[in-house]
Amino acid sequence: MIGVVADDTTGANDIGVMFSKNKYSVKILPHDISLETKNDSDVLILDTNSRLDPPNDSYDKVYSSTKKLKEQGCSLYFNKTCSVFRGNIGMEFDAMLDALDENFAVVVLSFPKNGRKTIHGIHTVYGKLLEESEFANDPVHPMYDSNLVNILQKQTERKVSMVDIEKVRRGSKKLRETIEEQKDQTNYCIIDAEINGI
């Protein structure tokens, strides 16, 4: 079973629809619900609604949610955050790794279908730098930088790196090898992407 922790209801529904369109059975639940049934869906999504929470509160919600997913027998985990890194990204990523007792995660923020692309670690929204997009004026989480490594590194003590688009373009085998190499050097590896499916 696949376990997903989402930081808001919109994101939980978005990723749920994506899985459903690919023939997975999906269940979306609030993070604080008591989970009694096991293995009655392919994908279990817990909505923490934590994007606007204080950082420590978001950490606690993601940590406990991930533990619940682990108890349900999930074997693959996703953290669904904002596609422009608004929120308590570092805290929530750290919480999931801590709950799973893991040291490494791949991060893909690019979503070309919705105008989000990452090239050389620089994130754009419909062709505009993130810092020049409408998200620069977000009232809670204004985005003043377009470099995803910089944004995430400011929010975590774990090491952040990236795999640039040239390596991605070499194909899945080379990308897999590069990610394996990164596991010994870093904790979060951000992957460039410019088209869907890459």
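**Close-ups of a predicted model**

Phe93 is buried, and Tyr188 is buried too. That pair is a handy way into this structure, which is a predicted model. The legends below go through it one close-up at a time.

**View 1**

View 2. Phe85 itself sits in the loop between strand E4 (76-80) and H3. As background, most residues other than glycine have a negative phi.

**View 3. The largest nonpolar core has 19 residues.** Phe85, Phe93, Leu130, Leu152, Tyr188 and Ile190 are the members that touch the most others in this core. At least two core residues come from each of helix H3 (89-100), helix H4 (148-153) and strand E10 (188-191). H4 gives the largest share, with four residues. In soluble globular proteins, nonpolar side chains tend to be buried together.

**View 4. Leu152 and what it touches.** Setting aside residues up to four places away in sequence, Leu152 touches Phe85, Ile89, Gly90, Phe93, Val160, Tyr188 and Ile190. Apart from this core there's another one, made of eleven residues, including Val5, Leu69, Cys74 and Leu100.

**View 5. Thr66 in helix H2.** Which residues does Thr66 touch? Not counting residues up to four places away in sequence, they are Val5, Tyr77, Met96, Ala99 and Leu100. Thr66 has a relative accessible area of 0%, so it falls in the buried class.

**View 6. Thr124 in strand E7.** This strand covers residues 122-125. Leave aside the neighbours within four places in sequence, and Thr124 is in contact with Gly115, Arg116, Lys117, Leu129 and Leu130. Thr124 has 18% relative accessibility, and the buried class is anything under 20%, so Thr124 counts as buried.

**View 7. Asn49, out in a loop.** You'll find Asn49 in the loop between strand E3 (43-47) and helix H2 (55-71). Asn49 isn't a glycine, yet its phi is positive, at about 50°. Is Asn49 buried or exposed? Its relative accessibility is 52%, and exposed means over 50%, so Asn49 counts as exposed.

**View 8. Phe19, Tyr24 and Phe78 form a ring cluster.** It's ring pairs that link these three residues together. How many aromatic pairs does a search of the whole structure find? The search turns up five.

Key. Residues numbered from 1 in each chain as written. Predicted model: local features only at pLDDT ≥ 70, side-chain atom pairs only at ≥ 80, totals over all residues. Heavy atoms only, no water. Core = buried A, V, L, I, M, F, W, Y, C linked by side-chain atoms within 4.5 Å. Buried < 20%, exposed > 50% of the residue type's maximum accessible area, 1.4 Å probe, protein only. Contact = heavy atoms within 4.5 Å. Phe/Tyr/Trp six-rings, centres within 6.5 Å; stacked < 30°, edge-to-face > 60°.
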